[in-house]
Amino acid sequence: MESSEAIRPEKMGPLVMKETWNTPGGIVSWERSENIYICRGECGGMVIMFLSDEIVRMKVFRDKVPDLTTTAAILPECCIPHLFPVEETENELIFTTSAIRLILEKSSFLIKVENMQGKVIMQQNLTSWNPRGASHAEYDMQPDSHFYGLGEKASFLDKRGERYTNWNTDVFAPHLPEIEALYESIPLLIHMHGELSYGLFLDNPGRSDFDMRSHGVAFTISCSTGAYDIYFINGPHIKDVVKRYTSLTGRIPLPPKWAIGYHQSRYSYMNQQEVLQLARTFREKRIPCDVIYLDIHYMDEYRVFTFDPVNFPSPDKMIRELGELGVRIVPIVDPGVKKDPNYEVYKEGVLDKHFCRRLEGDIFFGEVWPGISAFPDFSDSRTAEWWGDLHKYYTDLGIQGIWNDMNEPAVFNESKTMDLDVMHFNNGRPVTHEEYHNLYGMMMSKATYEGLAEHLQGERPFVLTRAGYAGIQRYAAVWTGDNRSFWEHMAMAMPMVLNMGLSGLAFAGPDIGGFAHHTSAQLLVRWTQMGVFFPYCRNHSSIGTLRQEPWSFGEEVEGILREFIGLRYRWMPHLYNLFREAEVSGLPVIRPLILEYPRDPHVTNLCDQYLLGENVLIAPVYRPDTDHRSVYLPEGRWIDYWDGEVHEGGRHILAVAPLRIMPMYVREGTFVAEGPLKQYAQEETGEMIIFHLYGAQAEEGFSASYSLYEDDGHSFSYRKGDYSEMRVHAEAEKGRLMLKWSYTMDGYKPHRETLRFALCYPFFETAAVEGLGEISIEELDEGRAGWTRNGKGGSIIVQVSESRDGGELVIVAAQG
Ligand code: MIG
């Protein structure tokens, strides 16, 4: 006799069911509950929350009771709904803030956001979901639409015509123009059309898609699981969007200075002697360097929180010796914990239930470097604390920085990651890995950052991560993973890191020189020239590739690299200032021109040059055997950093760029604060500051300003007010240039007796400086007050004694 198995459905042939997409239908009722508007449709509905005049959260719900939770991307203190007037008409609900009007069409849930002039900023046409839990919305796109953001994506700056998936993925050597998913997922899209820009942030850590390619007059955003929880972020400028997005998801903490120095890495420096020798070579050759990375070979058979007893027998001694040279190490820590009952971390993890499990309770095992491994469930604060605490092992050794890799998480299997049905316990709100995936890496880095902070007792930690989700900037710097030593990848690093900057990731950079494949002398030179003006600056290369330390290609190359790495160190005060700005405002350290010149049609997709801060334009050479390149200068007058030639902007110029030169331009009337050349960021050689002023004039109408932030560079005491801020202002009138400076904050006392001002390539000749004598450069170097002509480009240097009361001086131009 047969059993019921005889009639199992599969035997009847494939079951084809039409998958219908649901929409909420028309609004049947709406209510306000504690400043939250709940609009119910025929099925499901939408919650509308105004987080400010400029930020609106719109979350679609399918059940009766809307779920208002957010992911860890959103700062809880920013998710407070505010009350704004709403007006109901026959067809619409109209919400009004001081900046926007949100119009919800009652028959369809169509949403329009207008500015106060009645111009449509955004239109969301169709919100729908299918029975399997995917959601989807469609938005208007204009003929002049341009798209930015989306974090770490390959290809050009403007994402119009592209389609991307957000699903953190470890693909080896993946930087290809067509790749849709990389290691990081930042579901923030910035849409600029005409004079308007806005951002859409989809807070969904499962798989999502942004398609600006397939629909002609519309773009779509969809996700395959979880909630359609979207934030409208108003502009009108991209800058406003970036500031507001980072007010919602957080900004980078000011890194310790050493973390923004030059870093050297390789997969792997194999033993203690090699690491020490490397550090000594940097010092002997006088090439500045702050950090050496330890890749996976430092561990005992890839067990995290161990050192290999043979190749690294005395890490404490090594770290002490490195410390004397001013070099730190940053070891790699992957999430995979080796399955080995004799290994304390594993044992503890199993006994205390820290590893990701299936619903039924069995631990998920996957293969990574250490062999079969288990993966901590960072979604649970209890586990995150445990993991953070384990870092005491490193901090006790004097380590202050950790490198998180493989935290997508990467697993050596078909899907390249954890099985989708593995659970994350999420402090009592369990979700599947499918719904949680993109948060895994960020929660690892969060646990790491918080653990380090705890054990470093007031020192700023540094975490570098490969994977991340929106908000990762609060915990870690991000590098772009396994690029290759291709010129194309060097060029692609620019739009990639620029868009990362627009997506909140102000502290980012690629592997300089390229990771996989073999670098060449020229590629290393050009890439380093570009890289020393990127926020994160690390040379890293893969096992089995040509060596790519700065001295690997003979003396000429070494000399150029020394010069450029040195330049990063001399510009450290300015760079640090920009990091502080990123912490305070969310604006990126390096910027695409479109951020500063949003009305210039030439720069909508310009990404083979970039701005450091607002006013320094960097134009790297990114092709072999090339000694000229075209550079676009936006409006204004620009001064060639190398020879002082003045160029009128708003046009293209042809820059001459032999190997030792990377074209750089400073906008007229710009201050750049420089310090002394140091071999490592905190070298005790004083805190001399030279304010360089480019293209000063002595004619009425000229003025320039700058503000310099300073603190001890390594502790958190700046958060209690131990920092200083100096305002510098230059203003001209009839043949005289007045310089004024004053401390607007003086909670930190820099170690210096004098201050210097250097007028670089001024438009006038100096006859005198009131109250100061003309002396020699040697006398200036001895610390005397006075001024001197430096020769080059007619620049002059003025030195005064430092005073907490500030001061002023007058530079008198020669007649005629
Ligand atoms: O290639 O730890 O992206 O920087 O050197 C697989 C070894 C594992 C990938 C990282 C790379 C690192 C390497 N890791």
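Where does P236 lie? I find P236 in the loop between β18 (229-234) and α1 (238-249). I take strands and helices as DSSP runs, numbered from the N terminus; helices are H or I with at least four residues, strands E with at least two. A cis peptide bond joins G235 and P236, with omega about 10 degrees.

Ground rules. The model is predicted, so I note that local features need pLDDT of at least 70 and side-chain atom pairs pLDDT 80 or more, while totals for chains, interfaces and linings use all residues. Residues are numbered from 1 along each chain as its sequence is written, and side-chain values use heavy atoms, with hydrogens and water left out.

I looked up E408 and P409: they are joined by a cis peptide bond, omega about -5 degrees. P409 sits in the loop between β25 (401-404) and β26 (423-424).

Positive phi. K353 is not a glycine, yet its phi is about 55 degrees. I place K353 in the loop between α4 (344-351) and β23 (365-368). K353 is partly exposed at 49% relative accessibility; the classes are buried under 20%, exposed over 50%, partly exposed in between (1.4 Å probe, protein chains only). Y761, also not a glycine, has a phi of about 45 degrees. Y761 lies in the loop between β47 (754-760) and β48 (766-769). Y761 is buried, at 10%.

Ligand. I list 13 residues around the ligand, with D295, D405, R466, D482 and H540 coming nearest; a residue is near if one of its heavy atoms lies within 4 Å. The shell has eight nonpolar, one polar and four charged residues. Here Ala, Val, Leu, Ile, Met, Phe, Trp, Tyr, Cys and Pro count as nonpolar, Asp, Glu, Lys and Arg as charged, and the others, Gly among them, as polar.

I then checked polar contacts (N or O pairs within 3.5 Å; within protein, one atom must be able to donate a hydrogen and the other to accept it, and residues adjacent in sequence count only if both atoms are side-chain atoms). D295 puts a polar side-chain atom 2.5 Å from a ligand oxygen. For D405, a polar side-chain atom is 2.7 Å from a ligand nitrogen. A side-chain N or O atom of H540 is 2.9 Å from a ligand oxygen. Taken alone the ligand exposes 340 Å², and the protein buries 95% of that; I used Shrake-Rupley areas with a 1.4 Å probe.

Cysteines. I count zero disulfides, taking pairs of cysteine sulfur atoms within 2.5 Å. C223 is in none; its nearest cysteine sulfur, that of C43, is 16 Å away. C223 is buried at 3% relative accessible area.
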